[in-house]
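This briefing covers confidence, helices, salt bridges and surface. Keep the structure open while reading.

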Amino acid sequence: MVLWHAGVGALITYLSLGRRRIDYRFVLLGAVAPDAIDGLVALWLSLPALRGPAHTLLAVVATAIAIVVLLRGERRLAVFGLAVGWLTHLVADGMWAAPKTLYWPAFGKAFDTAPAEPYALDLFARPWAHLSTWGAEIVGAAILLWFWVAFRLGHENRLRVWLTDGYLRP
């Protein structure tokens with residue numbers, strides 16, 4: 001679910017932190033990173049789609065620490081949006097319902113198998129069986145559309161400027 005996580009990640013960040021010096025490019029990247037990482041790991045290891053190591057608090061904390069330790073100044077502030085977006089992904093997934101995964105490895109080496117991650121081909125093969133997933137994607141698209149309209153990203157060169165620095169301007 002790309003649009004759901006991107007939209008919810010941007011909205012949670014905007015509602016909690018506002019526009020001040022937040023690089024929303026990294027927030028959006030962090031908001032989809034756990035699914036991308038766990039999806040690639042599952043493909044690489046020929047495993048079923050699951051919420052694995054990237055869906056843990058350990059991954060978010062390790063990412064945040066690496067950013068703080070390895071980067072300085074404005075670059076650190078911009079890239080820290082990656083950890084912020086990553087954390088919003090865990091919230092949007094409702095990971096508190098899968099404590100073995102969220103708090104991994106505190107409860108053992110295994111990850112929760114439920115709720116299942118819906119990024120299988122089944123989403124397209126049987127779309128009526130996944131209406132909640134498609135509904136969430138529509139909500140995420142609506143949120144992103146709101147950002148597009150509210151910050152006039154279609155006007156003049158505002159999108160180009162946003163792609164350059166990631167800041168939302170009034």
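Among the elements of the chain, which has the lowest mean pLDDT and which the highest? Helix 6 (residues 122-125) has the lowest, at 73, and helix 3 has the highest, at 97. The model is predicted. Its chain has a mean pLDDT of 88. A pLDDT of 70 or more is reached by 94% of the residues.

**Helix 1**
- Helix 1 has 16 residues. From first C-alpha to last, helix 1 reaches 22 Å, close to the 22 Å expected at 1.5 Å a residue.
- The buried residues of helix 1 are Trp 4, His 5, Ala 6, Gly 7, Val 8, Gly 9, Ala 10 and Thr 13.
- The cover over these buried residues of helix 1 includes helix 2, helix 4 and helix 7 (131-150).

**Helix 4**
- Helix 4 spans residues 73-92, with 20 residues. Its reach from first C-alpha to last is 29 Å, close to the 28 Å expected at 1.5 Å a residue.
- Buried residues in helix 4 include Ala 78, Val 79, Gly 81, Leu 82, Ala 83 and Val 84. Gly 85, Trp 86, Thr 88, His 89, Leu 90 and Ala 92 of helix 4 are buried too.
- The buried residues of helix 4 pack against helix 1 (2-17), helix 2 (24-44), helix 3 (57-70) and helix 5 (99-102).
- Just after helix 4, Gly 94 has a positive phi of about 65°.

**Salt bridges**
- How many salt bridges does the structure hold? The structure holds three.
- Arg 51 and Asp 93 join their side chains in a salt bridge, at 3.3 Å from N to O. Arg 51 lies in the loop between helix 2 and helix 3 and Asp 93 in the loop between helix 4 and helix 5, so the pair ties together parts that are 42 residues apart in sequence. Arg 51 is buried, and so is Asp 93.
- Asp 23 meets Arg 25 in a salt bridge, at 2.6 Å from N to O. Asp 23 is buried, because its relative accessible area is 2%, under the 20% cut-off. Arg 25 counts as partly exposed, at 26% relative accessibility.
- Asp 165 forms a salt bridge with Arg 169, and their closest N and O atoms are 2.3 Å apart. Asp 165 has a relative accessible area of 19% and is therefore buried, with the cut-off under 20%. Arg 169 is partly exposed, with a relative accessible area of 33%.

**Thr 101**
- Leaving out residues up to four places away in sequence, Thr 101 touches Arg 51, Gly 52, His 55, Thr 56, Met 95, Phe 111 and Asp 112. One of these contacts, Arg 51, also meets Asp 93 in a salt bridge.

**Nonpolar surface**
- Which residues make the nonpolar surface patch of about 510 Å²? Ile 37, Val 41, Trp 44, Leu 45 and Leu 47 make this patch.
- Leu 47, one of the patch residues, is found in the loop between helix 2 and helix 3. Leu 47 counts as partly exposed, because its relative accessibility is 42%. That value lies between the 20% and 50% cut-offs.

Terms used:
Residues numbered from 1 in each chain as written. Predicted model: local features only at pLDDT ≥ 70, side-chain atom pairs only at ≥ 80, totals over all residues. Heavy atoms only, no water. Helix = DSSP H or I, 4+ residues; strand = E, 2+ residues; numbered from the N terminus. Expected span 1.5 Å × (residues − 1). Buried < 20%, exposed > 50% of the residue type's maximum accessible area, 1.4 Å probe, protein only. Contact = heavy atoms within 4.5 Å. pLDDT = per-residue confidence, 0-100. Patch = residues over 30% accessible without salt bridge, like charges linked within 9 Å, V, L, I, M, F, W, Y side chains within 5 Å. Areas by Shrake-Rupley, 256 points an atom, 1.4 Å probe, with all protein chains shown as cover. Salt bridge = Lys/Arg side-chain N within 4 Å of Asp/Glu carboxyl O.
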